[in-house]
Structures are given as C-alpha cells and as structure tokens.
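Please keep the sequence and the coordinates in view while I talk.

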Amino acid sequence: MKKIIFILISLSMLSGCISTQVRDFTDPEYNSFVSKKLLVATPNPTFDEIFLKAAKDNYVETEIVKYSDLFFPTREYTAQDIRNTIKANNIDAILLVGIAVDSGVHAQVIGYQTNISVNQFNNTATAHTYAQTAYSRATAANAKLLDAKTKQTIWMADLITNASGAIYVQSDDTMEDMSDEIIRTLGKKRHLACSGRYCKPK
C-alpha cells in the first residue's frame, strides 16, 4: 500500500500543476445572450483544434466554426467579404482570443538526487548524481466575444495561465487549460449553450 501511495505522489510531482485565472465582464445589455453559432479566431491552428476538443469535452451545444474553415490563408478578403460570409453562415457571435505575453519555459534546478549501485561480486559501489529540475511557464491572454451583427463587445476577459512541474511544460498544456476556462466561464454565464457540469452556474 505504501508503495502505491509513493508512486501516486511521484506521478503528481512529475505532472505538476496548471491553472488559469480569469477576470471577465459581460455588457449588461447582453446578460441573456446565448450564441447559437460561434465563429472562433485564435492565435494559431493548434489552438483552434484544442479549443474545439475542449468544447466537446464540456458538452457545448452551441455550433462552433473555426475561422480557417471560412476564411482561407491563401486568399484576400475585404471587410465586406468577411461580413457577407459571416451573415451567409448564420454566425451570431465571434470569439477572438489573443496571446498577450508568453514567458516561455523556465528551468530551475531544485535539488540533486544520488543513486548508488552496489556490486556484491567485487565489493564495489558506484554513485550517480542527477539534478532535479522544475519547469514553469506563464501565459497571459485576452478574449473577447463580439455580436456578429453589430460588432458590439458582449463579453471580455483577461486570462493568466501558470504551469509548473518536473516535466517540460508544453504550450499545448497551457492552451488546453486556457480553452477549458474560457468555455466554462462562457457556459456559466450562459453565453454558450452547454450541458456539462462545469458549465452550470454556481
């Protein structure tokens, strides 16, 4: 039993922790607004895919369309082209997500571990010392939900995601936690149709 507990603690230390803090505001005029079809524009295609997966995991019922599915990077679009495409696809809201600051990964040696192996046949011992390294990453972002028809800001938020652990912190981890928090916050405010337990109002 003690061995199992030790393994669980070790895994916890390796995986570390990640959390996102949100400070948001909804325009009072849009308190009851619920998007039926949402266009999402994030910093990169990877973020788009992670956001869609997070929406599925949180049982979001609002239809979500990626910006790249309607507007191709190989073409140029005028402002009128964009408005016409949004209207033709019955988009009622646009979610913009931008990364403000990414600290990158910081590594810090937090200690050393020495392993000793003993050879009983020739009575010798060998010691190997390894540095124990902790990794951390901080990412600040902003998100804005717009009324597709009027371009009025419905909801806006500042987000800070902190990640740390003994395993190298990937940017995907940060984007996943940030996407989850955006969806949960919009779900709790009922701007997204969402049936997941994390999306229910407190």
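A residue is called buried here when its relative accessible area is under 20%, and exposed when that value is over 50%. Please also bear in mind that what you are looking at is a predicted model.

Let me begin with threonine 20, which sits in strand S1, residues 17–26. Its relative accessible area is 11%, and therefore threonine 20 counts as buried. Its side chain has two polar partners that I would point out: the side chain of threonine 161, in a polar contact of 2.7 Å, and the side chain of aspartate 177, at 2.6 Å. If we set aside the neighbours within four places in sequence, the residues in contact with threonine 20 are Leu159, Ile160, Thr161, Asp177, Met178 and Glu181.

Now to helix H2, which covers residues 45–57. As a reminder, an α-helix has 3.6 residues a turn, so residues three or four places apart point the same way.

After H2 comes tyrosine 59, whose phi is positive, near 55°. In the loop between H2 and strand S3, which is 63–66, we also find asparagine 58. Is asparagine 58 buried or exposed? With a relative accessible area of 4%, asparagine 58 is buried. The side chain of asparagine 58 makes a polar contact of 3.2 Å with the side chain of aspartate 180, and its C-alpha atom is separated by 7.7 Å from that of isoleucine 183, although the two residues are 125 residues apart along the chain.

Finally, a word on the second largest pocket, whose volume is about 200 Å³. Its lining is made up of Arg83, Ile86, Lys87, Asn90, Ile91, Asp92, Ala148, Lys149 and Lys151. Sorted by type, these lining residues comprise five charged, three nonpolar and one polar.

Conventions: Residues are numbered from 1 along each chain as its sequence is written. This is a predicted model: local features need pLDDT of at least 70, side-chain atom pairs count only at pLDDT 80 or more; totals for chains, interfaces and linings use all residues. Side-chain values use heavy atoms; hydrogens and water are left out. Helices (H or I, at least four residues) and strands (E, at least two) are DSSP runs, numbered from the N terminus. The expected span of a helix is 1.5 Å times one less than its number of residues. On a 1 Å grid over the protein atoms alone, a cavity is a set of points where a 1.4 Å probe fits but cannot get out, and a pocket is an open set with protein on both sides within 12 Å along at least five of seven lines; lining residues have an atom within 4 Å of a point. Grid points are joined across faces, edges and corners, and a volume is the space filled by probe spheres set on the points. Ala, Val, Leu, Ile, Met, Phe, Trp, Tyr, Cys and Pro count as nonpolar, Asp, Glu, Lys and Arg as charged, and the others, Gly among them, as polar. Buried means under 20% relative accessible area, exposed over 50%, partly exposed in between (1.4 Å probe, protein chains only). A polar contact is a pair of N or O atoms within 3.5 Å; within protein, one must be able to donate a hydrogen and the other to accept it, and residues adjacent in sequence count only if both atoms are side-chain atoms. Contact means heavy atoms within 4.5 Å.
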